[in-house]
Amino acid sequence: MELKSNIPEGDIATKWENYRGKMELVAPNNKRRLEIIVVGTGLAGASAAATFGELGYKVKCFTFHDSPRRAHSIAAQGGINAAKNYQNDGDSVYRLFYDTVKGGDYRSREANVHRLAEVSRNIIDQCVAQGVPFAREYGGLLANRSFGGVQVSRTFYARGQTGQQLLLGAYQALSRQISLGNVEMYNRHEMLDLVKVDGKARGIIARNMLTGKSERFAAHCVVLATGGYGNVFYLSTNAMGSNVTAAWRAVKKGALMANPCYTQIHPTCIPVSGEYQSKLTLMSESLRNDGRVWVPNKVEDAKAIQAGTKTALDIPEADRDYYLERRYPAFGNLVPRDVASRAAKVACDEGKGVSKTGLAVYLDFAAAIQRYGKSSAISKGINNPNADKIIELGEAVVKEKYGNLFQMYEKITAENPYKTPMKIFPAVHYTMGGVWVDYHLETNVPGLFCLGEANFSDHGANRLGASALMQGLADGYFVIPYTVGPFLSKEIRTPQISADSPEFLAAEKETNEKLERLIKIQGNQSVESFHRRLGKIMWDYCGMARNAEGLKKGRQMIRDLRAEFYNDVFVPGEVNEFNPELEKASRVADFLELGEVMMLDALDRNESCGGHFREEYASEGGEAKRNDEDYAYVAAWEWDEIEPKVHKEHLEFKDIELKTRSYK
Amino acid sequence: MKIHLKVWRQRNGESKGYLEDHQVQADEHMSFLEMMDVLNENLVSKKETPVAFEHDCREGICGSCNMVINGQPHGPDSGTTTCQLHMRSFKDGDTIVVEPWRAVAFPVIKDLVVDRSSFDRIIQAGGYVSVNTGQAQDGNAIPIEKERASFAMNAAECIGCGACVAACPNASAMLFTAAKVAHLGTMPQGEVEQSTRVQSMVKQMDLEGFGMCSNTGACEAECPKEISITNIALMNRQYAGSVLGSEKSV
């Protein structure tokens with residue numbers, strides 16, 4: 001299969017503008033007749049559904065949550081990037097484009113990333129107009145902060161709840177379209193299959209989670225915005241309900257899963273505390289603006305801390321290793337996530353970890369509290385403040401910046417991060433891989449589009465902080481409303497699609513049979529126990545560091561686990577009722593297939609890049625060693641129970657020179 | 001630690017509910033929901049039906065979790081959602097009663113799961129700024145006082161969990177509605193429509209069957225995001241101004 005990226009001709013800086021000027025449009029009278037299904041109501045889904053509604057299309061929108069406002073975008077903390085250059089610090093569209101391609105370790109598609117950087121500016125304007133309460137300076141203008149992997153301040157934020165505020169903005173825009181009758185909203189409906197008619201995506205089968213019944217929905221095209229698959233690892237910063245099912249079912253109907261092995265392990269999460277743990281909590285990357293990462297220089301100090309006989313405060317300054325500042329002086333604590341995570345792993349592997357388990361490093365705010373305390377004293381006109389006063393003033397500044405994060409940390413760990421450094425450790429956070437799409441965000445199945453974290457297109461092998469929110473809203477507000485045009489403009493003569501055709505009935509029947517099968521196994525092990533075991537395999541063999549031997553072993557273990565699952569899982573209750581255990585079982589079944597493809601993809605990619613770190617391919621300094629000659633491509637996988645097959649899209653770098661990524 | 005649980009079980013909206021007794025072996029570092037996970041794993045291992053409860057992000061922001069714990073929405077700790085509550089807030093041997101939100105406008109679906117779609121309909125009635133994608137001017141074109149943006153943000157932090165309703169003796173949704181009215185009305189972008197917004201949202205709130213506000217202040221006390229009842233005062237003022245002072249009525 002040839003993968004056509006459909007990138008428009010011309011100069012990178014004017015491609016998108018030219019495309020918009022020449023693309024096929026759908027006239028308003030035809031928009032009224034054309035139906036679009038949007039699955040998912042996170043930033044990408046809600047913004048797309050709202051915008052389609054505003055444009056006059058007939059929209060049906062689906063979420064498995066009880067309300068569109070609960071999508072997991074709500075949990076994003078730190079911020080959203082935009083090339084506004086409000087800080088006059090040298091930012092530009094090109095620089096955001098460059099930073100993103102470099103941050104992604106040269107494994108993303110240039111044209112898509114440039115478009116993302118261009119529309120980033122419109123997103124901020126749009127969100128401000130919706131009433132999103134972004135942080136502001138005293139003069140009333142928008143405030144910015146820095147995130148990893150860049151040397152400018154281009155991140156806009158709303159305290160530590162940027163995702164929440166942006167999602168509520170999109171949710172409110174969506175609510176307005178619902179109230180105007182332009183969008184029909186289906187809450188508590190989970191997409192379980194994609195329906196194709198004559199090769200085109202024409203609808204979905206969704207299970208009404210209240211009644212348990214499968215229902216058929218038809219439209220002229222289908223847009224997936226169903227998020228990432230980080231929960232394949234069981235423990236991640238994703239919400240409990242986040243899953244790959246909608247995307248995976250589309251893959252089983254012919255879409256391709258691109259670069260599934262690119263997973264982002266976020267460096268600053270609260271470490272695992274026990275076997276019972278159900279999820280991990282992120283501490284925003286924004287904390288690295290002011291927090292300094294360190295471990296003890298001496299292994300014996302680390303041992304004492306692990307044993308509980310010493311604390312961070314007992315380690316004198318000279319015996320601390322601020323390893324990010326030491327190894328990467330140009331970017332310091334603000335190196336990209338993949339680099340920071342690997343460095344933490346190296347420190348812990350050397351025995352310098354600082355929790356009971358030895359799997360944690362410090363994130364220390366003492367220096368920031370001192371710095372802010374002194375400047376605050378000056379601005380308040382306090383001469384010669386004593387040490388306590390400086391700390392008091394400094395803590396107040398830190399509280400204003402990160403108060404909710406510090407409070408969240410304290411609630412979970414029962415430790416006060418103002419007084420002792422936070423303990424953090426990397427955890428699965430985001431998946432750069434996803435459904436393969438072309439420049440139009442259209443998959444290889446005509447009429448099936450994919451947005452946001454669910455697609456693969458913009459972040460390459462590593463995503464920079466505050467770029468997920470940017471991509472979600474770019475795709476939903478400013479890309480898909482245009483790029484759906486070329487497909488739909490050819491559908492203006494297509495009458496309303498019937499949901500009673502044989503294709504729909506067959507898909508509905510198949511869906512019901514799958515659910516029945518899960519209930520009928522009546523084995524002895526819980527769904528949860530299988531999910532935990534899968535997560536352990538993924539983390540051990542396809543986590544922060546991978547090697548060929550482990551990946552082969554991991555793949556076989558997953559295949560065995562999958563066989564065991566279909567023999568021995570126990571799902572209580574019935575199909576046709578409200579049944580959360582059945583929902584979980586159906587999602588874990590899909591993770592058990594996806595996991596295998598992730599292992600295969602990681603095995604196939606004989607290089608290290610971004611979040612994909614193969615131990616066999618490292619430079620002497622322990623950095624990722626790419627192989628551009630053989631692996632500058634997108635690996636798009638076609639599912640097959642026996643042997644999944646890979647298709648390749650070669651990546652061309654015309655505007656950015658391919659070189660070794662350095663943050664030193 | 002050993003916990004004695006009394007959990008609300010109810011097969012569906014039509015059937016009668018009851019409190020069911022369970023023993024759970026918990027760890028003090030567990031979150032409350034992880035303790036509930038242990039209970040459910042026990043039930044599944046005995047091939048019984050697990051307790052249905054809503055949860056998703058487990059970090060206090062999605063607003064899904066909703067348990068009345070020993071009579072208090074989201075349990076004993078202030079400024080905390082159920083998922084952020086940890087077992088260290090309880091003692092070994094404690095008996096804990098777990099119930100769903102109780103309000104006419106939040107009918108029970110199963111066990112601890114209730115239907116909160118009434119909140120969505122209140123937002124649909126006017127909890128937005130009428131601006132289409134692409135119509136916006138530059139983000140810095142309208143300066144907003146830092147204090148004002150901060151006041152709006154305080155109100156905008158509402159997670160839509162419904163604890164305010166569950167805490168209120170009248171099951172009133174005033175705090176939820178007022179938080180949105182205050183957030184949008186405080187920002188210049190939202191001011192334009194404020195007069196109709198406040199009327200439409202209050203009207204929808206009444207239609208959904210939420211009760212009246214009698215200023216008990218329980219909503220503010222139980223709100224996991226500590227949203228202030230000042231917002232209710234602001235909404236009342238604007239509502240009166242809008243109904244009496246403007247010619248437009250909704």
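**Close-up views of a predicted model**

**View 1. An open four-stranded sheet in chain A.** In this predicted model, four strands of chain A, taken in the order β16-β10-β20-β21, make up an open sheet whose pairing is antiparallel. Its edges are formed by β16 (434–435) and β21 (645–650) of chain A, each of which pairs on one side only.

**View 2. The pairing of β10 with β16 in chain A.** Strand β10 of chain A, which covers residues 257–258, is joined to β16(A) by two bridges in the antiparallel sense. Within this pairing, A:Ala258 has A:Gly434 of β16(A) as its bridge partner.

**View 3. The largest nonpolar core.** The largest nonpolar core holds 294 residues, and those touching the most other members are A:Val223, A:Leu224, A:Val435, B:Val165 and B:Leu175. The largest share of this core comes from α18(A), with 13 residues.

**View 4. The crossing of helices α7 and α9 in chain B.** Helix α7 (residues 194–207) and helix α9 (residues 230–245) of chain B have axes that come within 9 Å and cross at roughly 105°. The angle therefore makes α7(B) roughly perpendicular to α9(B). On the side of α7(B), the contact is made by B:Gln194, B:Ser195, B:Val198, B:Gln199 and B:Val202, while α9(B) contributes B:Met235, B:Gln238, B:Tyr239, B:Ser242 and B:Val243.

**View 5. Chain A as the setting for the views of its sheet.** Chain A contains 19 helices and 21 strands. Its radius of gyration is 25 Å, close to the 26 Å that the globule rule gives for 664 residues, so chain A is as compact as a globular protein of that length. Along the principal axes, the C-alpha atoms of chain A fill a box of roughly 80 × 60 × 50 Å. Of the 664 residues of this chain, 60% count as buried, and among its contacts with a separation of 6 or more, 74% are between residues 24 or more positions apart.

Technical notes: Residues are numbered from 1 along each chain as its sequence is written. Chains are lettered from A and ligands numbered from 1 in the order in which they are written. This is a predicted model: local features need pLDDT of at least 70, side-chain atom pairs count only at pLDDT 80 or more; totals for chains, interfaces and linings use all residues. Two strands pair if DSSP finds at least two bridges between them. The radius of gyration is taken over C-alpha atoms; the globule rule is 2.2 Å times the number of residues to the power 0.38. A residue is buried if 20 or more other C-beta atoms lie within 10 Å of its own, exposed if 12 or fewer, and partly exposed in between; C-beta atoms are placed from the backbone. Two residues are in contact if their C-beta atoms, placed from the backbone, lie within 7 Å. A nonpolar core is a set of buried Ala, Val, Leu, Ile, Met, Phe, Trp, Tyr and Cys residues joined through C-beta atoms within 7 Å. Axes are lines fitted to C-alpha atoms, for helices over the stretch in contact, and angles run from 0 to 180 degrees between N-to-C directions. Angles under 35 degrees count as roughly parallel, over 145 as roughly antiparallel, 65 to 115 as roughly perpendicular and the rest as oblique.
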